[in-house]
Amino acid sequence: MTHRLYYTDSYLTEFAARVVDAAEGGRRIYLDQTALYPTSGGQPHDLGTLGGVAVVDVVDEEERIAHLLAAPLTPGEVRGVVDWTRRFDHMQQHTGQHLLSAVLADLFGANTVSVHFGPESSTLDLALDAISPEQLRRAEVRANEVITENRPVTVTFEDAANATGLRKASDRTGTLRVVTIAGLDRSACGGTHVRATGEIGTLLVRRSERVKKQVRLEFLCGARAIRRARADFDLLSEVASEASASVDEVPAVVAGLRGQLKAALAARKALADEANGYRAAGLLQRAEPGPEGVRRVYAAPAGASVEDLRGLAQAATSHAKVLFAGVVADPPTLLIAASADAGVDAGAMLREILGKIGGKGGGTPRMAQGGIGAPGELPAILRQAGFEHA
């Protein structure tokens with residue numbers, strides 16, 4: 001069994017230990033005691049050194065903790081060193097999560113279902129259908145008020161049968177390690193934590209999203225929150241500079257640009273519709289009606305997109321008794337469209353043609369499209385279908 005020194009002292013950064021077992025040629029080491037935290041409870045593992053050798057991973061194996069090393073370690077007494085920057089960052093994030101979860105439960109009855117601590121930001125999932133921006137602001141303000149109050153954060157070991165007032169009931173028996181934020185929260189937890197809420201520094205809730213019928217919040221604490229806030233402000237300042245505006249004017253500038261873009265897109269569509277009307281008229285002039293009175297027109301406009309082709313097809317089939325076939329090169333696509341009175345099912349015709357050349361696609365009786373499997377064979381097939389100019 002490995003004695004876990006971090007259970008009683010999260011601030012311990014150096015320790016002495018003895019190698020009691022080794023595997024993988026001395027790269028997987030087991031100690032009689034360790035201050036290095038293993039990945040557990042959503043919190044990532046510590047980094048550091050053992051006997052001067054870098055620790056690359058720390059694995060919880062229930063009774064024992066495995067230390068994975070960058071190089072073999074000679075058995076015997078060793079000196080361990082914890083990477084304090086990483087450890088303290090994790091302490092800030094984990095205590096900040098307890099704080100945020102407690103505040104959300106207190107304000108809105110929102111229970112935390114799961115937690116993930118990432119390298120850049122952390123998330124917690126709430127048993128909620130939705131949460132409003134105003135609720136997020138309230139929770140963030142309240143959490144930071146508790147941080148400035150610098151409430152004590154303590155660790156106690158209590159019998160599970162007598163551990164009352166826990167935010168989330170534990171199904172464990174025996175001794176529980178309980179982390180308490182004075183006057184706010186009591187949680188069974190094996191992670192590393194700061195001594196007082198003031199050491200969290202600050203807490204920033206960045207965003208929320210709906211995930212599997214729950215709400216997921218992204219949050220950052222301490223130096224992470226400061227770095228992210230600075231990066232966000234720098235990005236906003238860059239946008240403001242590009243728009244020759246102040247940061248405060250950016251929302252209005254963006255709204256104005258959106259309006260201009262919407263108007264420009266509407267004007268572009270109107271011009272495209274007008275141009276497609278002229279192109280369709282030109283195609284129809286060259287097409288003689290067949291025995292059933294249907295004109296079959298073909299187009300393969302150079303450099304056109306599938307969306308461009310659809311516009312042309314719609315313009316052509318807005319006329320009576322028209323069957324349209326069009327091709328674009330990138331990606332190789334065939335489009336079939338039929339006017340309402342053409343008496344042809346465009347989807348069925350497309351599937352029949354593509355079935356002969358290894359393509360796949362589908363659509364409605366009025367318009368269908370699909371990928372061309374063997375482009376070289378398509379013109380002959382289209383000519384057989386009555387599209388003379390293919």
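**Reading rings, strands and cysteines**

Mentor: Let's start with Gly 190, which is partly exposed at a relative accessible area of 28%. Keep in mind that this is a predicted model.

Trainee: Where does Gly 190 sit?

Mentor: Look in the loop between β13 (185-188) and β14 (203-211).

Trainee: Which residues does Gly 190 touch, leaving out those up to four places away in sequence?

Mentor: Tyr 6, Tyr 7, Tyr 37 and Arg 177. For a sense of distance, take Phe 157: 33 residues separate Phe 157 from Gly 190 in sequence, and their C-alpha atoms are 11 Å apart.

Trainee: Is Tyr 6 buried or exposed?

Mentor: Buried, because its relative accessibility is 1%. Tyr 7, by contrast, is partly exposed, with 27% relative accessible area.

Trainee: And how is Tyr 6 arranged against Tyr 37?

Mentor: That pair is edge-to-face too, 5.1 Å from centre to centre with 70° between the planes. Tyr 6 belongs to the loop between β1 (3-4) and β2 (14-23), while Tyr 37 belongs to the loop between β4 (33-34) and β5 (48-50), so the pair ties together parts 31 residues apart in sequence. Tyr 6 and Tyr 37 are both buried.

Trainee: What about charges and rings? Which ring has the charged end of Arg 195 over it?

Mentor: The ring of Tyr 11, with the charged end 3.6 Å from the ring centre.

Trainee: On to strands, then. What's the general idea?

Mentor: In a sheet, strands pair through backbone hydrogen bonds, and the pairing is either parallel or antiparallel. Here, 6 strands close into a barrel, ordered β2-β3-β7-β6-β5-β8, with antiparallel pairing. From one strand to the next, the twist averages 45°.

Trainee: How many bridges join β5 to β8?

Mentor: There are 3, and the two strands run antiparallel, with β8 covering residues 77-82. To find one on screen, go to Leu 50: its bridge partner in β8 is Gly 80.

Trainee: How many disulfides does a search of the whole structure find?

Mentor: It finds 0. The sulfur-to-sulfur distance tells you why: the closest cysteine sulfur to that of Cys 189 is in Cys 221, 14 Å away, which is too far for a bond. Cys 189 is buried at 12% relative accessible area, and Cys 221 is buried at 0% relative accessibility.

Trainee: One last residue. What surrounds Gln 97?

Mentor: Gln 97 is in helix α1 (residues 84-108). With 6% relative accessibility, Gln 97 counts as buried, because the cut-off is under 20%. Apart from residues up to four places away in sequence, Gln 97 touches Thr 112, Val 115, Phe 117, Leu 124, Arg 167 and Phe 219.

Notes
Residues numbered from 1 in each chain as written. Predicted model: local features only at pLDDT ≥ 70, side-chain atom pairs only at ≥ 80, totals over all residues. Heavy atoms only, no water. Buried < 20%, exposed > 50% of the residue type's maximum accessible area, 1.4 Å probe, protein only. Phe/Tyr/Trp six-rings, centres within 6.5 Å; stacked < 30°, edge-to-face > 60°. Helix = DSSP H or I, 4+ residues; strand = E, 2+ residues; numbered from the N terminus. Lys NZ or Arg CZ within 6 Å of the ring centre and 35° of its normal. Pairing = 2+ DSSP bridges. Axes fitted to C-alpha atoms, helices over the stretch in contact; angles between N-to-C directions. Disulfide = S-S within 2.5 Å. Contact = heavy atoms within 4.5 Å.
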